[in-house]
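Subject: Structure handover

Hi,

Here is the structure you asked for. Please open it alongside this email. My notes follow.

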Amino acid sequence: MAAAQPINVVALSGSLRKGSYNCGLVRAATQICKESIKDMRIEHVDISPLPFLNTDLEVGGTYPSVVEAFREKILQADSVFFAAPEYNYSVSAPLKNAIDWASRPPNVWADKAAAIATAAGSGGTRAQYHLRQIGVYLDLHFINKPEFVLNAFQPPQKFDSDGNLIDADSKERLKLLLLALRAFTLRLQGKA
């Protein structure tokens, strides 16, 4: 009997900062899957090369090559993992830009499972709520529980100087989020 295809997850970080804690969440999620969720693979897709959304860049029903490549990654994914910082009570501009490019016709977000994790100094829930609101329009289906908002500055130390998640308890909470995403993805695909 052939082994089941792995669940392919695209991970997007809404922070472009080199030492970003949200990028650290993506790296930790990738490592957790490699070590203990063997049928789930995470690929971090960098959104920094995407140009600002401008429909003048759409020529003859096509998009700039970097946008086409990004859209194809989303289209081929089974689900999406968002590491979403909170900027001014909402999602970051780079993340919103990426979401908007992938929503252009045809919308490549539709019918995908998604999860959100946030690392912040404070806040995070408002950005997650706005992202969920955006998902309603895009037909993107977010898991509801567990929620993952990590205060990056509350003791004990959560990240090292390179932005890597080092707190064991936080890693365990992140693993629970990934397992919930796995189960929801399979359910949406009719495999659970």
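Helices (H or I, at least four residues) and strands (E, at least two) are DSSP runs, numbered from the N terminus. With that in hand, take residues 8–152. This span is 37% helix and 21% strand, and its end C-alpha atoms lie 28 Å apart.

Two notes on the source. The model is predicted, with local features needing pLDDT of at least 70, side-chain atom pairs counting only at pLDDT 80 or more, and totals for chains, interfaces and linings using all residues. Residues are numbered from 1 along each chain as its sequence is written, and side-chain values use heavy atoms, leaving out hydrogens and water.

The cores

Buried means under 20% relative accessible area, exposed over 50%, and partly exposed in between (1.4 Å probe, protein chains only). A nonpolar core is a set of buried Ala, Val, Leu, Ile, Met, Phe, Trp, Tyr and Cys residues joined through side-chain atoms within 4.5 Å.

The largest nonpolar core has 31 residues. Leu25, Met40, Phe81, Leu174, Leu177 and Leu178 touch the most other members. Elements giving two or more residues to this core include strand E1 (7–13), helix H1 (21–36), strand E6 (148–151) and helix H5 (168–188). H5 gives the largest share, seven residues. Apart from this core lies another, of 28 residues, including Val91, Leu95, Val108 and Leu138.

What does methionine 40 touch? Contact means heavy atoms within 4.5 Å. Leaving aside neighbours within four places in sequence, methionine 40 is in contact with Ile7, Val9, Cys33, Leu178, Leu181 and Arg182.

Helix pairs

Axes are lines fitted to C-alpha atoms, for helices over the stretch in contact, and angles run from 0 to 180 degrees between N-to-C directions. Angles under 35 degrees count as roughly parallel, over 145 as roughly antiparallel, 65 to 115 as roughly perpendicular and the rest as oblique.

Start with H1 and H5. Their axes come within 10 Å and cross at roughly 70 degrees. H1 and H5 are therefore roughly perpendicular to each other. On the H1 side, the contact is made by Leu25, Ala28, Ala29, Ile32, Cys33 and Ser36. H5 brings Lys171, Leu174, Lys175 and Leu178.

Now helix H3 (residues 93–103) and helix H4 (residues 125–138). Their axes come within 12 Å and cross at roughly 5 degrees. That makes H3 roughly parallel to H4. H3 uses Leu95, Lys96, Ile99 and Ser103, and H4 uses Leu131, Ile134 and Leu138.

Which residues of H3 are buried? They are Leu95, Asn97, Ala98, Ile99, Trp101 and Ala102. Their cover includes E1, helix H2 (65–76), E3 and H4.

Glutamine 128 lies in helix H4. It counts as buried because its relative accessibility is 3%. Not counting residues up to four places away in sequence, glutamine 128 touches Ile116, Ala117, Thr118, Phe148 and Val149.

Leucine 150 lies in strand E6. It counts as buried too, at 2% relative accessibility. Beyond its neighbours within four places in sequence, its contacts include Leu25, Thr118, Phe159 and Arg173. Leucine 150 and serine 15 are 135 residues apart in sequence and 15 Å apart in space, C-alpha to C-alpha.

Best wishes
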